[in-house]
Protein chains: 2
Amino acid sequence: MSRWKPNARERLAAAAMELYGERGFDETSVADIAERAGLTERTFFRYFADKREVLFGGGAALEKLVVERLGGNADLAVPLDAVASALASTSLLFEGRRAFAKARQALIAGHPGLQERELIKLASLTAAIAAQLRRRGVKEPAASLVAEAGMAVFKMAFGRWVADAKHRDLAHHIQASLGHLRAAMSAPRRRMG
Amino acid sequence: MSRWKPNARERLAAAAMELYGERGFDETSVADIAERAGLTERTFFRYFADKREVLFGGGAALEKLVVERLGGNADLAVPLDAVASALASTSLLFEGRRAFAKARQALIAGHPGLQERELIKLASLTAAIAAQLRRRGVKEPAASLVAEAGMAVFKMAFGRWVADAKHRDLAHHIQASLGHLRAAMSAPRRRMG
């Protein structure tokens, strides 16, 4: 039994991201990560199933929160607004994690295996949103289409949030991207006036 | 030099799909496919780089057609309509190939490695559409959002086309799915009247 280490999870994640950036993901071992964090491999495995989970371990909490927000009393009169609002509620999960998110995104973009993993995870979140919409009475194909459109907005907003020099929160970028999508789906105003 | 074989490509693709269905994708070799088609392995490799390309080889023609349709004189006043219309133009590529598409879809759904490949291919098509929209003057984030929304419509429509007992064409299903997405993004009419 190892002693409790304050912030062990955060130290391990930070050490992993440093090493992935310096040496590459494939070239970094769990032993390297534990050493850099000044912890044991055993401690690593109490927090992460493997070195990939440092990057993808947050997905479950994200999915849980979004699905919860679409349950209960959520107003589904305009399903895409409900999905965007549920996704915007995850803003808090990401507060203070912009640097991690930025490093993670660059790493994934440069590694086909991690990219595939990311696409699978995003597809799974999309399916979970669609399933919850159906449970709440939204019919197909609307449920799946809205889930996909909402995730498109989320991905775009996430990329803009990561790069935002003004440090506006993720919820801001989700509402902005949603507005851009709506505009690109409608006849231009000048033609209607 | 082997002699020219009439319909060699179609015979090889049909033999491959039969075997993938009977034995599974992983358990089928190129030698098996060639034998079932009554052709040589060498002939197989004149048409396909590997056994996966039987499933994914059509992607390049699809992308080329969609990107072409978004070029030149395409009306981009409502970018999502332009994307949906370009995607609907691929309807002809799929005419007479519903049985193949259905078998392909079932096979991919049951095989994680093929699913990953499919997601990568769809992401690449989405990126090509966004790039063409940007070239035609559509700004980000609209270009990427519309490409994603258009592909969501395409995937939904494709699934419905494959399963359509009434044999309506893919273009029909794309327009129908587009209508469903629009409805799920707008305030319900009854509240406005």
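Helix H11 (residues 170-185) of chain A and H10(B) pack with their axes 9 Å apart, at an angle of about 70°. Axes here are lines fitted to C-alpha atoms, for helices over the stretch in contact, and angles run from 0 to 180 degrees between N-to-C directions. Helices (H or I, at least four residues) and strands (E, at least two) are DSSP runs, numbered from the N terminus. This is a predicted model, in which local features need pLDDT of at least 70 and side-chain atom pairs count only at pLDDT 80 or more, while totals for chains, interfaces and linings use all residues. Residues are numbered from 1 along each chain as its sequence is written, and chains are lettered from A and ligands numbered from 1 in the order in which they are written.

H11(A) and H10(B) are therefore roughly perpendicular to each other; angles under 35 degrees count as roughly parallel, over 145 as roughly antiparallel, 65 to 115 as roughly perpendicular and the rest as oblique. H11(A) passes H10(B) in a right-handed crossing (left-handed if the near helix is turned anticlockwise from the far one by less than a right angle, right-handed if clockwise). In this contact, A:Ser177, A:His180, A:Leu181, A:Ala183 and A:Ala184 of H11(A) meet B:Ala142, B:Leu145, B:Val146 and B:Ala149 of H10(B). Two residues are in contact if their C-beta atoms, placed from the backbone, lie within 7 Å. Seven residues of the contact of H11(A) with H10(B) are nonpolar, two are polar and none is charged. Ala, Val, Leu, Ile, Met, Phe, Trp, Tyr, Cys and Pro count as nonpolar, Asp, Glu, Lys and Arg as charged, and the others, Gly among them, as polar.

The axes of H10(A), residues 142-162, and H11(B) likewise come within 9 Å and cross at roughly 70°. That makes H10(A) roughly perpendicular to H11(B), and their crossing is right-handed.

Across the whole interface, 29 residues of chain B are in contact with 29 residues of chain A. On the side of chain B that touches chain A, two or more residues are given by each of helix H6 (79-88), helix H9 (112-135), helix H10 (142-162) and helix H11 (170-185) of chain B. The largest share, ten residues, comes from H10(B). By class, this side of chain B has 21 nonpolar, four polar and four charged residues. The copies meet through the same surface, because 100% of the interface residues of chain B are also interface residues in chain A.

Chain B is superposed on chain A by a rotation of 180° with 0.0 Å of shift along its axis (RMSD 0.0 Å). The two copies are thus related as by a two-fold rotation axis. The superposition is by least squares on the C-alpha atoms of residues with pLDDT of at least 70 in both copies.

The secondary structure of chain A comes to eleven helices and zero strands. Its C-alpha atoms fill a box of roughly 65 × 35 × 30 Å, taken along the principal axes. In the loop between helix H9 (112-135) and H10 of chain A lies A:Pro141, joined to A:Glu140 by a cis peptide bond with omega of about 5°. The loop between H10 and H11 of chain A holds A:His167, a residue other than glycine with a positive phi, near 55°.

The mean pLDDT (the predictor's confidence in each residue, from 0 to 100) of chain A is 91, and 94% of its residues reach 70 or more. The predictor gives the complex an ipTM of 0.80 and a pTM of 0.85.
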